[in-house]
Amino acid sequence: MPTDLLYGAEVVLNGLMAGVLYALVALGFVLIYKASGIFNYAQGVMALFAALTLVGIMEGQVPFSHLINAAFGTDIHHFGWHVPAFAAILLTLAVMVGFAYLVQRFVFRHLVGQEPIILFMATIGLAYFLEGVGDLMWGSEIKKMAVGLPQGGSLWVEENTQWLGFGNEDFYGFFIDKLDMVATVIAVVLVLALVAFSQYTKQGRAMRAVADDHQAALSVGVSLNFIWILVWSLAGFVALVAGIMWGAKSGVQFSLSLIALKALPVLMLGGFTSIPGAIVGGLIIGVGEKLFEFSFGPMLGGATENWFAYVLALVFLVFRPQGLFGEKIIERV
Amino acid sequence: MKMKLGTMAVAAVMAASPVMADLVFPSLSYRTGPFAAGGIPFADGYADYFTLLNERDNGIGGELANVIECETAYNTEKGVECYEATKSQNPLVYQPLSTGITYQLIPKADADGIPLHTMGYGRTSAKNGKVFKNTFNYPVNYWDGASAGVNHFLSLNDGSLEGKKITLLHFNGAYGKEPIPTLTALSEKHGFSLNTIAVDYPGQEQKSQWLQIRREKPDYVLFWGWGVMNQVAVQEAANIRFPMENFMGIWWSGSENDVLPAGDSANGYKALAFHNVGADFPVFDDIRKYVVDAGKAAGAGDQVGTVLYNRGLYAAFLAAEAAKDAQAASGVSDITAAHMRDAMEALNITEARMAAAGLPNFGPEFQVTCENHGGRGDVAVAQWDASAKSWSLITEFAPADASVLNPLIEADSAAYAAENNIKEGCK
């Protein structure tokens, strides 16, 4: 096989893996939008907050220690223990559920029936508030995400694909990051679980009912408050998964909130209301931007991925404004 | 009641304003936002050194130093707002702490007669003081860094890079593109091939770039990154098993923040350095005694001795030394920005001076003149030891290749002078 073709295939494989990571972020947006019509600007910050909380709990860090020390003249930073990753993940989940409750109780309960733009603005406020709270709680230094995820290129894949080069010295097997492989498995399990939850459980059906028609769902006894807490909790869980994966790549730091930028073209392409759409959209964006960079990047000075993802999404928007899997909005007069 | 309110308002304004006799050193810091992890230690080091001088020496020449912090979040617009908001308080020198902010402030500083110190960043050709009269970029600039990187690779290859491949992986913006002209000129001089690969902001996803590096197999990778771009690049280099000792970052890609997340796989990564590393200097004993232990540290006191804390402290040391010179030259302790500018233009940093401040061999010796606002451009190379979790200098401070850099600086500053109708010359 010609080397360029092999390199192209490697780029496609890595694009698919990158797309899965984008989809993980996009999923959180979809869950909340689908159930409440809110475009959650805070989704990226939720991923950051969840990752900060997870690492903080694992390291036995005292939350708000700088504030406590400044107020009481103490010098405490750590409890002196380390929490195993699995237990810390469960505790972080509990924190995210608590966060969902607080968001519902103190913000969105008071905004029921408001225009979507008001709800969107509320999430902007929420994003900055949560970022500030995260800073005060856990500090702003960069932390290592040490939950035991594998890192580095897979030697097995490299060795077992080297033969494709038929002795070509320029090709020494495909590069696939082990972390990306794990992320793919987790994303598949996550999507299957979310689909199963929404199709086959009472709460999932209630969630879909609220998504279809708030008023009708209320009239048959579905608690809007409970459903919204449930949805924000699920989005918090997805944010935690995204935070773990992205945090393992770059360390846990405040720029983690910027991963939301990667989710926007995925949502435009896949649709704001479809869980499979987030996955397919992520894969198309991942492969599209990587292939474009590989093929045309050197001619255009490189760094094409950010803007090309949006161009690709725009092209899809022109022909299918609701996205590939989004619900078509038909308003009759 | 009105009287009471008025009195309270005046008192509040007076409390919020600096005492006019103080020596004002604004700090355009960024303690929030995506780059906070880099901004906090620098701001802490800058503030703590002045606090040390106030607490231990009763200030500088009898005048207390007053550091006014203004939060920029590393945002150019906010940086300019900070400058405008603080310039009426008789500031002596600004540290813009961002190449973007520096580019905006250069003409403003000229108009207001307030010096800028852009240490290791900003506009490289500001080294030509005949054009950039109020901007100083001693002791190094980006082109010095590019030259120092190539010099290091030369030293590893018996003085010849003929036929070697060097890749510049860089932030896709003014900062990241700064070294390209220098490296192009150096590639022609030394016969290596240069390839540049850009990474867009913020740089959390660099798979394409590292697959390209894996395909092209360069001998060395030079890296101009900042923020999350740094941590991801180090991790990706480890992922493709690129030899870390052949991967070298500019000084803004060479702090503990950049290598710790990658763990052991970051071992051997190199970075250029224009000041020393670690906390094994006498000044840190005083910092702990008079500042941290006294509860007067700008931050939590947990950054002392880190690379970026040391950089902030070094910037404060250079500003304080210039202020001392200005007091000596003018004969007044309450100096102005004009006195400061003139002192910065005649600054002579010697080993004796650094040792007297508790910073022996902390940075290169250098002298500033009107023609040369950037010093000699001496740079060292630091290397990360992942097991010890520490940086150490593996070379001495050595000068950049002036024969290549000076013509480039002359050409770029002449173009700026022509664009802005500036007459070149010294006082």
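The interface between the two chains comes first: 33 residues of chain A are in contact with 32 residues of chain B, where contact means that the C-beta atoms of two residues, placed from the backbone, lie within 7 Å. This is a predicted model, in which local features need pLDDT of at least 70 and side-chain atom pairs count only at pLDDT 80 or more, while totals for chains, interfaces and linings use all residues. Residues are numbered from 1 along each chain as its sequence is written, and chains are lettered from A in the order in which they are written.

On the side of chain A that touches chain B, at least two residues each come from helix H1 (3-36), helix H10 (224-250), helix H12 (275-300) and helix H13 (305-319) of chain A. Helices here are DSSP runs of H or I, at least four residues, numbered from the N terminus. H1(A) gives the largest share of that side, 5 residues. By class, the side comprises 11 nonpolar, 13 polar and 9 charged residues; Ala, Val, Leu, Ile, Met, Phe, Trp, Tyr, Cys and Pro count as nonpolar, Asp, Glu, Lys and Arg as charged, and the others, Gly among them, as polar.

I turn now to chain B. Its domain 1 covers 21-140 + 281-377 and its domain 2 covers 142-273, with bounds from an automatic or database domain assignment. Taken over C-alpha atoms, the centres of these two domains of chain B are 28 Å apart. Their contact takes 14 residues from domain 1 and 16 residues from domain 2.

On the side of domain 1 of chain B that touches domain 2, helix H2 (36-57), helix H4 (99-112) and helix H12 (307-330) each supply at least two residues. The largest share, 3 residues, belongs to H4(B). That side of domain 1 has 7 nonpolar, 7 polar and no charged residues.
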